[in-house]
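Open the model in your viewer and keep the sequence panel beside it.

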Amino acid sequence: MTGPLEHHAGVADDRTVSSEARDRRELILQEMESILKSQPFRTSSRSKQFLSYVVLKSLDGHFDELKERTIGAEVFKRDPNYSTGDDPVVRVQAGEVRRRLEQYYYSASAALPVHIEIPLGSYVPEFRWHAPELTIEHPAPVMQLPHQVEEVAAYSRSEPAHAPATETAKKFRARVWIAAACVLCLVLGGLGISLAIRNRNHSQSTIDKFWSPIFISSQPVLICLARPVAYRPTLDLYKRYSDTHPGTFQNEVERENEVLPLDPNEKMAWKDIEILPGYGVASGDVDLAVRLSNLLTRMNKTSQVRIGNTYSFEDLRTSPTVVGGAFNNRWTMQMTSNLHFVPIYKVGIQEQIPSGRLWNAEIGPKGYITDYAIVTRLIDSKTGQFFVALAGLGTAGTQTAGEFVSTPKYLEEGLNSAPADWYKKNMQIVLQTTVTDSIPGPPHVVASYFW
């Protein structure tokens, strides 16, 4: 009798395990579908192909097919014998998928039963189950716990006071209380984690929320400034002027800091002009770079300043980026060309809708100058990375934009009427500032757009 009974119990256990496995598989597939349809993934067919492949192969137990060369051949149609050292497509795409997963879970609900992760150094996905799902993993102790506790209480009441507890009863009671303690810990732990995640955004300041996407990537933030071509007179031209004006422009300090007062009618040749590759950064861009570098340091995030041609689109694809300037910065113009507010040379800031508004720099009474700027914040831009453009029509406007995104007071005031979940959205904000003696005043929000 013992053998058949034991065999019958084993079959029941196997069926329970199989049922749980099917339930877990279904939850993982549902989560994968939600990820593939989410904003971070919907525009990247390669990322969707990679994630679908590794998750399905893992669920089917085909771990031998989760190797770099196999993924390269199956997903990216490489030759089965291709050199993974020369073609890192799988490693690059795995990093891209990890980054997009971080973006997805940053804004996802804290109540998701399972998280899908691709650990560094591996292509085998991991499925992180949260506390509510963990209670399904071992249903017997959870579901039977009240009954078992009552059985223990009844057993204790039925035993004579002087009767020693049997070894079986001791083990039974120990298992029950251990199970109860584990369940309580899971519930309290899950509740604490859930509350912490849900309250995270509420406890953050406005400036923390604005810049929070920079922490999705481990790469430093690139602060990219334009460097227009700069010209100056050659040394020969300075000497010709000095010959007729003795005592002038005798050293490099004078040549660097004083204007050469040539006769407006004097003719010059191109040989009298030279290009200075190390010059040309606008003062507003420099102010912006200093402010942001200081802010990121306080936020414990590293940054790098890139100037002129020292950065490329490939750099923008691998790091969160802030670009300064409008018409002098090619990446500002390219990345914002199809957005709601667009800087247009010799026109101003144009709202790209029928009968859209227009803002342009103005000279007012008493010589005051009004300048404008656009702050563009893209969580998932054309580069696939967090991207911010601080674009003034003039150098004062760019400086004002940098001050706006690095000063808590200005940012809080500017986003006071924004949607409650603005930090999860892309945004553009048009700023206006009054410039006196080349110094911009406080920024004022004149228009905004969130999507």
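Select Ser-58, which counts as buried because its relative accessibility is 9% (buried is under 20% relative accessible area, exposed over 50%, partly exposed in between, with a 1.4 Å probe and protein chains only). Ser-58 sits in helix α3; helices (H or I, at least four residues) and strands (E, at least two) are DSSP runs numbered from the N terminus. Leaving out residues up to four places away in sequence, Ser-58 touches Phe-63, Leu-66, Val-124, Pro-125 and Phe-127, where contact means heavy atoms within 4.5 Å.

This is a predicted model, in which local features need pLDDT of at least 70 and side-chain atom pairs pLDDT 80 or more, while totals for chains, interfaces and linings use all residues. Residues are numbered from 1 along each chain as its sequence is written, and side-chain values use heavy atoms, without hydrogens or water.

Now show the whole chain as a cartoon: the secondary structure comes to 16 helices and 16 strands. Of the 451 residues in the chain, 41% are buried.

Next, select Val-92, Gly-95, Glu-96, Arg-99 and Gln-385, the closest to the centre of the largest pocket among its 28 lining residues. A pocket is an open set of points on a 1 Å grid over the protein atoms alone, where a 1.4 Å probe fits, with protein on both sides within 12 Å along at least five of seven lines; lining residues have an atom within 4 Å of a point. Colour α5 (89-107), which gives the largest share of the lining, 10 residues. Helices α3 (45-59) and α13 (313-318) each supply at least two.
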